[in-house]
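Biologist: I would like to learn how to read a protein model, one feature at a time. Could you take me through it?

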Amino acid sequence: MINKHQHKKQTISGLRWTVLDQFINQAVTFGLGLFLMTLLPPTSFGLLGMVTVFSGFLSVFKDFGLGSSLIQRKELTQADIHTVFWTTVGLGILLSIILASISPLIASYYEEPKLLNITLALSFLFIIQSLSSTQLSLLKKQMNFKLLFKIKVTATLIAGITAVILAILDFGVWALVIQQLLSAFLITSFLFSFNKYVPRLQFDRLKLKSHLNFSLPLVGRGSLNYWSRNADNFFIGKFLGAELLGIYTRSYSIMMLPVSRISGVISSVLFPSLAQIQDDVNRVNVIFLKITRTIAFITFPLMAILCIGADSFIKLIFDEPWHKMIPILQVLSGVGAVQSIATLNGNIFMVKARTDLAFKLNILNSFCYVTTFYFTSQINLLTLTLVYLSVNILLLFINWFYLSKLMKIKLLDLVKNISFEFFGLLIMLGLGLYSYDYFSFHHLTKLFLIVTYIGLFWFIYFTLFNKARFNEIRSTIKSAISR
């Protein structure tokens with residue numbers, strides 16, 4: 001069993017570099033994204049979103065879950081690594097051909113001729129990304145998040161600035177397409193330049209079969225999970241059009257920034273970390289519950305700021321066409337709060353090697369999401385987001401029920417674990433939304449007051465009513481930063 005002190009040091013170091021990576025990436029992505037929204041109309045983002053529905057689904061199969069298998073495996077041989085690499089490259093070429101082949105069907109489905117060339121261009125993403133997939137997995141397994149930080153930040157910055165320049169030069173939606181292609185190309189180039197792994201012509205069918213036994217349920221789960229998460233874009237684009245799809249995708253993107261950059265970041269480090277101590281049930285449970293509490297402590301007030309400040313934020317920065325985002329962003333902030341917690345659940349299923357159970361649960365999740373999006377997209381966008389929030393809450397509790405069985409704890413323990421943060425969030429939102437319209441300040445002043453109010457409320461709420469929890473989380477964050 002891995003040394004406890006060494007494991008803790010590796011995990012904290014990984015978290016520190018990954019959080020730094022995502023913090024800077026968030027600032028760059030968020031800033032450049034907002035700038036692009038001032039340069040491009042909602043329709044441009046909607047067109048990209050239409051293609052992304054299909055390219056994103058094919059991305060589920062780009063490594064067949066083999067990267068996660070490399071991370072989960074305790075011992076790896078060179079044969080394992082080379083076999084996974086060449087399998088992934090083959091899949092990338094195949095997926096690129098598939099997306100290019102269905103480009104006329106995508107353009108026909110949405111009745112948008114422009115989508116033909118956009119889809120053809122984005123099909124090259126699969127070949128580019130397949131070359132870096134195995135190397136990314138190896139770096140995560142080695143907990144070498146420092147190198148990942150440098151690579152991703154550099155690629156994001158260069159690709160983002162390029163997109164802004166192209167948008168200014170009136171390239172329209174192609175500024176966004178080139179941004180994606182350039183970012184993937186740079187990441188792959190940097191990995192081959194700075195990583196030690198060099199592919200060799202070696203392939204072992206028995207090794208591949210062994211990895212597929214672990215990864216195939218992940219692929220099934222991922223494909224179902226993808227449609228459950230992206231059926232909204234699929235149906236909104238069809239029934240409500242490119243403009244409203246652009247409004248929705250940008251709202252969702254803004255909401256997901258804190259979720260993906262905090263919960264997603266920690267989750268990416270949590271799986272390889274827990275995989276190293278998978279036989280120590282108590283340690284796995286303690287770490288999982290503690291990290292869940294910490295994420296709730298961070299993301300809940302961020303979602304509250306987003307909900308209360310959506311009106312001032314949108315009106316301060318964007319023109320009239322983007323103001324339809326306000327109620328959508330407010331409701332999606334609730335979705336973000338739920339998903340920031342739910343994102344971690346998959347780590348336990350993978351660590352326990354119960355990807356089969358996760359797959360079955362995703363069948364249920366997918367059915368609920370797809371059904372919801374199909375019917376509500378034919379009503380209006382606000383109805384869709386409200387029902388989506390309700391379904392997210394319901395499915396969280398269903399998934400927690402089975403998660404508690406794997407962890408050998410009570411469902412009530414999972415609920416209690418974040419109940420204090422949840423009630424604080426409700427009180428914070430109630431007071432903030434009620435008092436918002438009573439102040440007639442400039443939007444920038446309102447945003448400043450909202451952030452100040454949320455910060456003070458959260459600090460007072462914890463220090464007065466649960467100081468032990470506050471000290472625990474402060475200690476966790478301080479430890480991560482200091483190391």
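Biologist: Let us start with leucine 115: which residues is leucine 115 in contact with, leaving aside its neighbours within four places in sequence?

Modeller: With those neighbours left out, leucine 115 is in contact with Leu47, Met50, Val51, Ile106, Ala107 and Tyr110. Please keep in mind that this is a predicted model.

Biologist: How should I think about a nonpolar core, and which residues of the largest one touch the most other members?

Modeller: The general idea is that in soluble globular proteins, nonpolar side chains tend to be buried together. Here the largest nonpolar core has 109 residues, and Leu115 and Tyr248 touch the most other members. Helix 12 gives the most to this core, with 16 residues. There is also a second, separate core of nine residues, including Phe145, Leu147, Leu186 and Ile187.

Biologist: Now the whole chain, please. How many helices and strands are there in the protein, and what share of the residues count as buried?

Modeller: The protein has 19 helices and zero strands. Of its 483 residues, 53% count as buried.

Biologist: How do I read a single residue? Take serine 55: is it buried or exposed?

Modeller: Ask for the relative accessible area and compare it with the cut-off: under 20% is buried and over 50% is exposed. Serine 55 is at 10% relative accessibility, so it counts as buried. Serine 55 lies in helix 2, residues 42-59, and is in contact with Leu99 and Phe126 when neighbours within four places in sequence are set aside.

Biologist: Let me try asparagine 345. Why does it count as buried, and what does it touch?

Modeller: Asparagine 345 is buried because its relative accessible area is 6%. Its place is in helix 14, residues 345-351. Not counting residues up to four places away in sequence, asparagine 345 touches Phe288, Leu396, Asn399, Trp400 and Leu403.

Biologist: And valine 331, where does it lie and which residues does it touch?

Modeller: Valine 331 lies in helix 13 and, at 11% relative accessibility, counts as buried. Apart from residues up to four places away in sequence, valine 331 touches Leu382, Thr385, Leu386 and Leu389.

Biologist: Let us turn to tyrosine 434. Is it buried or exposed?

Modeller: Tyrosine 434 has 60% relative accessibility, so it counts as exposed. It lies in helix 17. The C-alpha atoms of tyrosine 434 and isoleucine 308 are separated by 9.5 Å, although the two residues are 126 residues apart along the chain.

Biologist: How do we find a pocket, and what is the volume of the second largest pocket?

Modeller: Rolling a probe the size of a water molecule over the atoms shows where empty space is left. The second largest pocket has a volume of about 460 Å³. It is lined by 23 residues, and Phe300, Val338, Ile393, Phe422 and Leu425 lie nearest its centre. The elements that give two or more residues to this lining are helix 12 (281-317), helix 13 (325-342), helix 16 (381-407) and helix 17 (411-436). By type, the lining residues divide into 19 nonpolar, four polar and no charged.

Biologist: Last, backbone angles. What is the phi of aspartate 170, and what is that of lysine 408?

Modeller: Aspartate 170 has a positive phi of about 70 degrees although it is not a glycine. Lysine 408, not a glycine either, has a positive phi of about 60 degrees. Aspartate 170 sits in the loop between helix 8 (145-168) and helix 9 (173-194), and lysine 408 in the loop between helix 16 and helix 17. Aspartate 170 counts as exposed at 69% relative accessibility, and lysine 408 counts as exposed at 70%.

Terms used
Residues numbered from 1 in each chain as written. Predicted model: local features only at pLDDT ≥ 70, side-chain atom pairs only at ≥ 80, totals over all residues. Heavy atoms only, no water. 1 Å grid on protein atoms, 1.4 Å probe; cavity = no way out; pocket = protein on both sides within 12 Å on 5 of 7 lines; lining within 4 Å. Points joined across faces, edges and corners; volume = space filled by probe spheres on them. Helix = DSSP H or I, 4+ residues; strand = E, 2+ residues; numbered from the N terminus. Nonpolar A, V, L, I, M, F, W, Y, C, P; charged D, E, K, R; others polar. Buried < 20%, exposed > 50% of the residue type's maximum accessible area, 1.4 Å probe, protein only. Contact = heavy atoms within 4.5 Å. Core = buried A, V, L, I, M, F, W, Y, C linked by side-chain atoms within 4.5 Å.
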